[in-house]
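Let's walk through this model together, one packing contact at a time. Keep the viewer open as you read.

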Amino acid sequence: MTKIHTCHPRDLPEIEPLDMLVVAPHPDDAELGMGGTIAKMVDEGMRVGILDLTTGEPTPNGSEEIRRAETVKATEILNVSWRANAGLINRKLEATLEARQLIASYFRMTRPRWIFAPYWNDAHPDHVAATALIEAARFWAKLSKTDMPGERFHPERMYYYFCIHLRLAIEPAWIVDISEHWQRKQASIEAYHSQFVVGRPTEPISMLDRLHADAIHWGTLIARHYGEPFATKEPLAMNSLRDLI
Ligand SMILES: [Zn+2]
């Protein structure tokens with residue numbers, strides 16, 4: 001069974017550096033925001049990790065135990081090989097110095113080339129705090145002469161996925177074609193039964209219907225079946241135009 005690491009980053013088993021690390025305020029945000037892209041990159045042989053900042057609990061129909069089991073199931077569906085929970089407190093997430101040092105330590109221990117964070121404009125205070133925290137930790141990870149574990153390290157790029165609670169007319173920087181991976185994204189979201197099935201309206205238009213419609217919408221904009229949008233603050237750097245579609 002997939003292990004969700006909950007130890008301090010200094011005690012993490014040593015791993016090959018990750019290609020990308022998706023950092024999520026709550027277990028399910030990574031799946032909601034970019035589950036299709038995660039599955040796609042895993043299938044293409046990339047080393048993908050997910051770091052959940054909090055347990056996401058309490059929620060109306062969940063518990064820490066239920067949510068942990070659901071997270072394991074979702075992780076297995078996406079076939080992600082590394083996942084950890086930083087143990088910060090749900091509903092009380094703040095970009096404190098202490099939290100910055102903790103998350104920077106994860107970056108030093110997993111050494112991802114790219115970090116993915118929640119989009120910066122949101123109504124959920126945990127999400128806004130998470131973005132600020134991740135940005136600060138990215139910078140902090142490269143500091144020398146600290147008591148953080150691991151070697152100094154600076155993730156090359158930082159990008160943003162959309163898992164927002166504002167009704168924003170978002171303008172993504174790019175959209176990934178997830179047509180071949182939509183089913184797995186959907187299954188990974190449904191794995192969070194306590195969040196998206198129990199107590200939710202099942203008749204149209206359910207939350208899952210809306211997520212489906214969103215994926216079709218983003219796919220339509222790039223003339224594909226399903227898509228997933230992303231944002232960036234820094235310009236995109238490309239080796240060639242080959243992967244543009
Ligand atoms: Zn969330």
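Ala99, Arg100, Gln101, Ile103, Ala104 and Phe107 in α3 meet Leu133, Ile134, Ala136, Ala137, Arg138 and Trp140 in α4; two residues are in contact if their C-beta atoms, placed from the backbone, lie within 7 Å. By class, this contact of α3 with α4 has nine nonpolar, one polar and two charged residues. Here Ala, Val, Leu, Ile, Met, Phe, Trp, Tyr, Cys and Pro count as nonpolar, Asp, Glu, Lys and Arg as charged, and the others, Gly among them, as polar.

Before going on, a word on the model. It is predicted: local features need pLDDT of at least 70, side-chain atom pairs count only at pLDDT 80 or more, and totals for chains, interfaces and linings use all residues. Residues are numbered from 1 along each chain as its sequence is written. Helices (H or I, at least four residues) and strands (E, at least two) are DSSP runs, numbered from the N terminus.

How do the two helices lie? Helix α3 (residues 97-110) and helix α4 (residues 125-140) pack at an angle of about 60°, their axes 8 Å apart. Axes are lines fitted to C-alpha atoms, for helices over the stretch in contact, and angles run from 0 to 180 degrees between N-to-C directions. The pair is therefore oblique, given that angles under 35 degrees count as roughly parallel, over 145 as roughly antiparallel, 65 to 115 as roughly perpendicular and the rest as oblique.

Now turn to helix α5 (residues 182-190), where Trp182, Arg184, Lys185, Ser188 and Ile189 are buried. A residue is buried if 20 or more other C-beta atoms lie within 10 Å of its own, exposed if 12 or fewer, and partly exposed in between, with C-beta atoms placed from the backbone. Seen down the axis of α5, the buried residues fall within an arc of 165°, so they line one face of the helix; the arc is that of the directions from the helix axis to the C-beta atoms. These residues pack against α1 (29-43), α2, α6 (193-196) and α7 (207-221).

Take α1 from that list: α1 and α5 pack at about 140°, with axes 8 Å apart, and are therefore oblique to each other. On the α1 side the contact is made by Glu31, Leu32, Gly35, Gly36 and Ala39, and on the α5 side by Trp182, Arg184, Lys185, Ser188 and Ile189. This contact has four nonpolar, three polar and three charged residues.

Helix α2 (residues 64-78) holds Glu70. Is Glu70 buried or exposed? Glu70 is buried, because 23 other C-beta atoms lie within 10 Å. Leaving aside neighbours within four places in sequence, Glu70 is in contact with Ala191, Tyr192, His193 and Ser194. The C-alpha atoms of Glu70 and Ala191 are separated by 5.5 Å, although the two are 121 residues apart along the chain.

Finally, look at the backbone. Most residues other than glycine have a negative phi, and most peptide bonds are trans. Arg111, in the loop between α3 and β5 (114-118), has a positive phi near 50°, and Arg111 is buried, with 20 other C-beta atoms within 10 Å. Lys145 also has a positive phi, about 55°, but counts as exposed, with 5 C-beta neighbours inside 10 Å. A cis peptide bond joins Glu57 and Pro58, with omega about 10°, and another cis bond runs from Pro204 to Ile205, with omega near 5°.
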